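Here is a short report on a structure. Read it alongside the sequence and the coordinates.

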Protein chains: 2
Amino acid sequence: MISSPLPSETLRMASLASFLAPQLAAVNASIFEKMQSPVALIPQIAGYLISLGGKRLRPLLTIASAELCGYEGDRHIRLAACVEFIHTATLLHDDVVDESSLRRGMMSANTKWSNKSSVLVGDFLFSRAFELMIADGSLEVLTILSKASSTIAEGEVIQLTSSHDLGLSEETYLKIISAKTARLFSAATEVGAVVAEAKEAQRQALAHFGHTLGLAFQLMDDVLDYAADQEKLGKRVGDDFRGGKVTLPVIFAYEKGADRAFWQEAFEKGIRDEGALSHAIRLLKESGALLKTKHMAQDFVKEAIGCLDGFPESLLKTALQDLAYFSLHREG
Amino acid sequence: MISSPLPSETLRMASLASFLAPQLAAVNASIFEKMQSPVALIPQIAGYLISLGGKRLRPLLTIASAELCGYEGDRHIRLAACVEFIHTATLLHDDVVDESSLRRGMMSANTKWSNKSSVLVGDFLFSRAFELMIADGSLEVLTILSKASSTIAEGEVIQLTSSHDLGLSEETYLKIISAKTARLFSAATEVGAVVAEAKEAQRQALAHFGHTLGLAFQLMDDVLDYAADQEKLGKRVGDDFRGGKVTLPVIFAYEKGADRAFWQEAFEKGIRDEGALSHAIRLLKESGALLKTKHMAQDFVKEAIGCLDGFPESLLKTALQDLAYFSLHREG
């Protein structure tokens, strides 16, 4: 699958979303309905962030996973909306923590409103997500998503405390992104399987599909932060660097000994101006660190696609495999 | 009850805590066990805040309510710990939003560590609270506490958006504090009743007890912010004023027309230096605004105490009534 010829990647990414268009429309309707509050600023901020679009990747995963397991009801729509709420809440708090000014090519909420309102509206969305999941009534779903939420926070805290740390190992880095990114992907897919009352093997396969896809997704994010076309990225190229966030490409370049003095000056002494960023990009490209990270992402995607082997062939399965493949080729 | 002669108030506050000392010790043990994480900064920050003590008022309310309804198991211990986790998470985020530097007489977590870590550790505690509640397994409890959490966030957002607004009405102000403070009090007491499988009338009585007690508690907080002895308060006197937070005493003084130009300069033009604070305190005292707020708190306490009428007499009931009464006489 991974080496088969493919049409334009954008088309392919569109394919799962097109395939599930009615369900996705229902998820969007549910999101807009459930984010309402008599407190006007809440739907303003939540609506701003949510209407910036994004790929709705996590809700798509929940829907696709449930339907791949033969689910025919509509609980997965509401749970997919919950997953997106949790994701949106973490985005609001992330932008505060990372001091980001752009999100999906637009001003981030903390810049447009304030850090204070981003913190509080994030709290609201998070609580609302739990309200909706509780209304759904499955303790199994609640267990998966509450554990995912605390794990995400743990991952973010490790990343915060290991910021600027060039001694970060590949292993620790993978632990961080397993927690902060891959965990919500795997929760999204596992919840789909649970709603469909899938067999344990299918549930595990889908959870692992989400996990490995999430890892690949984050690694490609790390690559794009240094290698993307600014126009298409939706945030500033180099934000990880500016924020002193040590990501896998930097770990690889530093391990290889490519201009260590430069990396130390950048991450330990804080000299991270635009000239330093250009030099960092050059080093990451020339040392092969970006390519090595991308190869690792490819391996995770292969593993993800392999997780779907046990499911009978269907257009949905192909669309889901393509989505995984696409994550290697996205530009923002 | 409210006019009966009482021994020293501190003794009386101690009485419910002493009466429930073994249960409170079990709650503390549960809190320290459940806040653990392989990510060292999490128990550091959570433990710092939790070990600052505080009154453990909300967990005490859950335990007392359950036992007042005849509960004899131990689920209320773990749920009381969840209630304290939610409270601690909101404190962490509040201090970020309010830019507070002191909490219970010590440096606040956002000052000692950073706003970023306070946001993330708050998220962790919040998620962990839900994990624990889900492990308890009662959808009824989960419904109460998730609704309380989203309501608290709504209340905080209204307060944020109405900051500096001298046109805030008494009615809107009471709505804000119903949401941001009283809701967790009433959730704490109602959860106690639910665990005890109490009759609907008892459940409603305890929920209303928590609600009115919470209102009284917040109003006394508002009074103390202008009238407390700095040594005993545990935070700086005047922090509401410095932060431009319009509270009920200010609403009363402004409505009465006591030096309106001063209040406008303070809240609309932002002239809130120490001289202005002294003048504000003088105006609030002389206009009777602090006394009027205190009287309102007294009325809520009376209403709270009345909510317990239907319960048979017991030492526990007396201790709970005293706790309500004490809230009018605390100094910090």
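**The contact between the chains**

This is a predicted model. Chain A puts 35 residues into the contact, and chain B puts in 35 residues. On the side of chain A that touches chain B, four helices each supply at least two residues: H3 (41–51), H5 (75–98), H7 (115–136) and H8 (139–161). H8(A) gives the most, with 14 residues. By class, that side of chain A has 18 nonpolar, 10 polar and seven charged residues.

How are the two copies related? A rotation of 180° with 0.0 Å of shift along its axis superposes chain A on chain B, at an RMSD of 0.0 Å. The copies are thus related as by a two-fold rotation axis. In chain A, the C-alpha nearest the axis belongs to A:Val119, 3.7 Å from it. The interface residues tell a matching story. Of those in chain A, 100% are also interface residues in chain B, so the copies meet through the same surface.

**Helix packing**

Two packed helices are described by the angle between their axes and the distance between the axes. Two pairs follow, one from each chain.

| Helix pair | Axes come within | Crossing angle |
|---|---|---|
| H8(B) and H9(B) | 7 Å | roughly 170° |
| H3(A) and H7(A) | 10 Å | roughly 90° |

Take the pair in chain B. H8(B) spans residues 139–161, and H9(B) spans residues 170–195. Angles over 145 degrees count as roughly antiparallel. H8(B) and H9(B) are therefore roughly antiparallel to each other. From H8(B), the residues making the contact include B:Ile144, B:Leu145, B:Ala148 and B:Ile152. From H9(B), they include B:Ile176, B:Leu184, B:Ala187 and B:Val191. Charged residues take part too, among them B:Glu140 and B:Arg183. By class, the contact of H8(B) with H9(B) has 12 nonpolar, three polar and six charged residues.

Now the pair in chain A. Angles from 65 to 115 degrees count as roughly perpendicular. H3(A) and H7(A) are therefore roughly perpendicular to each other. In H3(A), the residues A:Leu41, A:Ile42, A:Ile45 and A:Ala46 meet A:Ser117, A:Val121, A:Phe124 and A:Leu125 of H7(A). By class, this contact of H3(A) with H7(A) has seven nonpolar, one polar and no charged residues.

**Helix H7 of chain B**

Of the 22 residues of H7(B), 18 are buried, so the helix is largely enclosed by the rest of the structure. Just after H7(B), B:Gly137 takes a positive phi of about 95°.

Most residues other than glycine have a negative phi.

A:Arg56 has a positive phi, near 50°, and is not a glycine. A:Arg56 sits in the loop between H3 and helix H4 (57–68) of chain A. Buried or exposed? A:Arg56 has 21 C-beta neighbours inside 10 Å, so it counts as buried.

A:His164 also has a positive phi, of about 70°, although it is not a glycine. A:His164 lies in the loop between H8 and helix H9 (170–195) of chain A. With 16 other C-beta atoms within 10 Å, A:His164 is partly exposed.

Definitions and conventions. Residues numbered from 1 in each chain as written. Chains lettered and ligands numbered in written order. Predicted model: local features only at pLDDT ≥ 70, side-chain atom pairs only at ≥ 80, totals over all residues. Contact = placed C-beta atoms within 7 Å. Least-squares fit on C-alpha atoms with pLDDT ≥ 70 in both. Axes fitted to C-alpha atoms, helices over the stretch in contact; angles between N-to-C directions. Parallel < 35°, antiparallel > 145°, perpendicular 65-115°, else oblique. Buried ≥ 20, exposed ≤ 12 C-beta atoms within 10 Å, placed from the backbone.
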